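Visitor: Please take one part of this structure and look at it closely. I would like to know how that part sits in the rest.

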Amino acid sequence: MPATSANLGPGFDSLGLALTLYDDVEVDVDFAGARFTGLSIEVAGEGAEVAERGERHLIVATLRRAFEAIDALAPAATGTEWAGLRLRCVNRIPHSRGLGSSSAAIVAGIVAARHLHPHGRVLDDDAALRLATEIEGHPDNVAPCLAGGLTVAWTTPQGPRLVRLAPEVGQVVAFVPETRLATERARGLLPETVPHADAAANAARAALLVAALTRGLGPEVLLDATEDRLHQRYRAPAMPESAALVEKLRAKGVPAVISGAGPTVLAFTTASQVDSMGPEVGNGWHIHPLDVAPHGACVQSDGSDGPGIRS
């Protein structure tokens with residue numbers, strides 16, 4: 001499952017980018033209980049403390065929800081239950097930093113269920129996006145995690161939709177701080193209304209950003225295209241260091257934004273350029289040079305006798 005960066009400045013709740021920072025998840029299910037029973041969870045890396053959550057672990061809870069959705073869609077299904085479940089996670093995506101760790105967990109559960117459930121094929125891509133959005137609350141992070149690349153996501157009365165685009169952008173750099181920020185807190189800082197002029201400016205910038213990212217336009221255009229007036233300044237009090245870094249980078253001509261709900265900062269630049277910006281960046285940041293991930297979550301059979309996957 002790739003990390004994702006949502007919003008990308010002006011594309012609030014609509015634009016997302018898949019990044020080459022991955023969580024690995026192994027799921028082994030025994031429906032009959034002939035090999036093992038019960039629930040076993042192992043987590044290494046980021047978020048190791050969540051291994052103790054049992055049925056409340058986000059991947060496990062999503063697996064349950066996805067199995068129920070498949071049962072409802074498949075006429076032949078009669079309530080599929082597992083006798084044993086083994087979950088192993090190697091997490092590299094930082095938690096509560098605006099890089100889509102929860103979306104990666106949700107997508108992992110849905111993709112695993114689709115491959116492990118005897119009738120999993122009934123959960124098509126549209127249904128998978130719909131379920132992931134219901135669990136996450138909005139589609140901008142789950143869309144690129146499912147599809148890869150650059151995605152535009154929106155919601156209709158019939159449910160969420162996405163378009164996948166192939167961006168012509170080179171390396172990006174994620175500046176990840178030690179501090180965490182819950183998405184709920186960041187959303188709580190947003191106003192109920194915004195000035196019409198700000199909404200109009202963001203609409204223009206979001207359209208320009210799609211053109212800039214898919215046509216390989218230069219940093220000067222990207223700098224204009226990543227300007228935001230809808231959410232970043234309202235969230236700045238919750239992450240002053242991140243807001244300050246965005247301002248410093250942009251003052252140097254670097255297209256920089258808050259990644260998702262923050263506090264990670266994403267810059268459309270290269271690691272070599274970052275090296276020359278030491279005074280602007282300062283200390284206290286984990287710097288990750290990343291590429292755009294061309295593919296979303298993928299599945300690999302583990303080759304055992306029982307149903308198991310590695311994704």
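Guide: Helix α2 is mostly covered, with 14 of its 16 residues buried (buried means under 20% relative accessible area, with a 1.4 Å probe and protein chains only). The model is a predicted one, in which local features need pLDDT of at least 70, side-chain atom pairs count only at pLDDT 80 or more, and totals for chains, interfaces and linings use all residues. Residues are numbered from 1 along each chain as its sequence is written, and side-chain values use heavy atoms, with hydrogens and water left out.

The end C-alpha atoms of α2 are 22 Å apart, which agrees with the 22 Å that its 16 residues should span at 1.5 Å a residue (the expected span is 1.5 Å times one less than the number of residues). Helices here are DSSP runs of H or I with at least four residues, strands are runs of E with at least two, and both are numbered from the N terminus.

α2 (101–116) also supplies residues to the lining of the largest pocket. Its share, five residues, is the largest. A pocket is an open set of points on a 1 Å grid over the protein atoms alone, where a 1.4 Å probe fits, with protein on both sides within 12 Å along at least five of seven lines; lining residues have an atom within 4 Å of a point. In total, 43 residues line this pocket, and Ser 101 and Ser 102 are among those nearest its centre. β2, α1, β5 and α5 each supply at least two lining residues as well.

Across the whole protein chain there are eleven helices and 13 strands. Buried residues make up 50% of its 311 residues.
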